[in-house]
Amino acid sequence: MYVLGVETSCDETSVSVTLDGKVVLSNVVLSQIDIHKEYGGVVPEIASREHIKGITVVFDQAIKDANLEYEDIDLIAVTEGPGLIGSLLIGVNAAKVVSLNYNIPIIGVHHISGHIYASHIENDMQFPLIALVVSGGHTELILMKEHFSFEKLGETQDDAVGEAYDKVARVLGLPYPGGPVVDKLARSGKAEYHFPRPMIDSKDFNFSFSGLKSHVINLNHNMKQRNEEINIENFCASFQDAVTDVLVQKTIEAKNQYNVKQILVAGGVAANSGLRKKMKESITDIPVYFPNMKYCTDNAAMISIAGYHKYQKTKKVDDLMLNGSSRLNLVEEN
Ligand code: KG4
Ligand code: ZN
């Protein structure tokens with residue numbers, strides 16, 4: 001079954017073709033990062049305009065790279081939410097036009113289910129499993145007992161991890177998106193500053209990162225006022241150490257409580273080198289899978305794979321009333 005995936009929820013215009021929910025035949029990603037960099041973050045209006053400019057070219061390139069014709073496609077899977085509404089609508093409407101024109105069924109996919117299924121490209125899922133979802137908009141622990149079934153164990157009460165990374169980076173004067181830059185600096189630093197580990201001992205699976213973020217930002221501000229020199233590498237290493245301690249500890253607790261067969265880490269922050277290292281060193285009794293780096297941040301291959309599995313589970317598709325939705329609940333939706 002050839003599934004064409006479409007992802008436009010934020011600042012990447014991406015279209016992919018996959019085979020049987022497993023093999024990636026093409027995955028074209030047109031990133032707008034260089035444009036948004038100038039503004040220190042994603043500007044929604046600009047993002048929509050850039051998606052409009054790129055979307056048809058990206059569709060055609062994905063079909064060409066897969067050595068197929070539109071007529072060969074069996075199903076179109078498109079991110080319906082959550083995300084920036086103007087951006088989502090462009091992907092959803094482009095997908096609907098192709099669906100209508102070539103008479104191909106269409107299915108709406110939750111963006112986070114896509115991030116989770118990015119792991120499945122290289123490593124088959126074994127249930128039950130725990131997925132730690134860490135992106136610019138999400139920080140969640142999800143229990144999956146079978147394909148396309150999601151139970152939320154806990155989530156952030158305020159900032160998402162990626163958001164905290166990006167805000168700390170901005171205060172330190174680092175370019176957008178800050179996550180990869182902080183990660184790189186952290187690699188050559190020592191965790192010598194003492195930062196809090198919020199909610200690390202709480203008996204639930206929720207997270208909170210805004211207090212840690214404020215602590216880091218305030219310390220930076222106070223040190224600057226006192227003309228004290230900040231060792232930026234050590235600063236980043238200390239922030240990363242605090243964040244990853246919390247993420248790893250909570251994942252271990254969820255693993256033990258639910259007796260799962262594997263751990264998946266998903267979303268943009270799954271690209272973080274500190275998280276990858278600490279998670280693999282701390283959990284050795286069951287496999288811990290991280291997606292290939294190219295499938296960590298937003299891409300359409302993961303949406304295509306998730307769409308295939310959603311269809312296999314539900315045997316239902318959407319109709320042309322399918323719409324974008326800036327807020328969409330993973331658990332209620334599926
Ligand atoms: O999943 P994603 O591409 O978009 C959302 O769905 O949010 O994640 C983007 C987020 C950004 O906040 C970015 O700074 C963060 O992932 N990120 C990282 C790293 N690479 C990307 N954060 C920490 N370390 C990284 N290496
Ligand atoms: Zn994402």
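This is a predicted model: local features need pLDDT of at least 70, side-chain atom pairs count only at pLDDT 80 or more; totals for chains, interfaces and linings use all residues.
1. **The shell around the ligand.** Ligand 1 is surrounded by 19 residues. The closest of these are His115, Gly136, Asp166, Asp183 and Asn272. Sorted by class, the shell contains 11 polar residues, 5 nonpolar residues and 3 charged residues.

2. **Where the shell residues come from.** Three helices each supply at least two residues of the shell: helix 4 (111-117), helix 5 (161-171) and helix 6 (178-187). The shell can also be described by domain. Domain 1 (2-116 + 295-333) and domain 2 (126-290) each contribute at least three residues to the shell around ligand 1.

3. **Individual contacts with the ligand.** Which atoms of the protein approach the oxygen atoms of ligand 1 at 3.1 Å? In His111, an N or O atom of the side chain lies 3.1 Å from an oxygen atom of ligand 1. In Gly179, a backbone N or O atom lies 3.1 Å from an oxygen atom of the ligand. Asp183 approaches a nitrogen atom of ligand 1, with a polar side-chain atom at 3.0 Å. On its own, ligand 1 has 550 Å² of accessible area, and the protein covers 88% of this area.

4. **Cysteines and disulfides.** A disulfide is a covalent bond between the sulfur atoms of two cysteines. How many disulfides does a search of the whole structure find? The search finds 0. For Cys10, the closest cysteine sulfur is that of Cys296, at 16 Å, and therefore too far for a bond. The cut-off for a disulfide is a pair of cysteine sulfur atoms within 2.5 Å. Seen from Cys296, the closest cysteine sulfur is in turn that of Cys10, again at 16 Å.

5. Thr79 belongs to strand 4 (residues 75-81). Is this residue buried or exposed? Thr79 has a relative accessible area of 0% and is therefore buried, since buried means under 20%. The side chain of Thr79 makes a polar contact of 2.6 Å with the side chain of Glu7. Thr79 and Gly5 are 74 residues apart along the chain, yet their C-alpha atoms are separated by 8.1 Å.

6. **Two cis peptide bonds.** Most residues other than glycine have a negative phi, and most peptide bonds are trans. The bond between Gly81 and Pro82 is cis, with omega of about -10°. Pro82 is part of the loop that runs between strand 4 and helix 3 (85-102). A cis peptide bond also joins Phe127 and Pro128, where omega is about -5°. Pro128 is in the loop between helix 4 and strand 6 (129-134).

7. **Two residues with positive phi.** Asp20 is not a glycine, but has a positive phi of about 50°. Asp20 is located in the loop between strand 2 (12-19) and strand 3 (23-31), and is partly exposed at 41% relative accessibility. Asn67, also a residue other than glycine, has a positive phi near 60°. With a relative accessible area of 70%, Asn67 is exposed.

8. **Lys203.** Where is Lys203 found? Lys203 lies in the loop between helix 6 and helix 7 (210-225). Lys203 has a relative accessible area of 81% and is therefore exposed, the cut-off being over 50%. From C-alpha to C-alpha, Lys203 and Gln61 are 49 Å apart in space, and they are 142 residues apart in sequence.

How values were computed
Residues are numbered from 1 along each chain as its sequence is written. Chains are lettered from A and ligands numbered from 1 in the order in which they are written. Side-chain values use heavy atoms; hydrogens and water are left out. A residue is near a molecule or strand if one of its heavy atoms lies within 4 Å of it. A polar contact is a pair of N or O atoms within 3.5 Å; within protein, one must be able to donate a hydrogen and the other to accept it, and residues adjacent in sequence count only if both atoms are side-chain atoms. Accessible areas come from the Shrake-Rupley method with a 1.4 Å probe; for residues, only the protein chains shown count as cover. Helices (H or I, at least four residues) and strands (E, at least two) are DSSP runs, numbered from the N terminus. Ala, Val, Leu, Ile, Met, Phe, Trp, Tyr, Cys and Pro count as nonpolar, Asp, Glu, Lys and Arg as charged, and the others, Gly among them, as polar. Domain bounds come from an automatic or database domain assignment. Buried means under 20% relative accessible area, exposed over 50%, partly exposed in between (1.4 Å probe, protein chains only).
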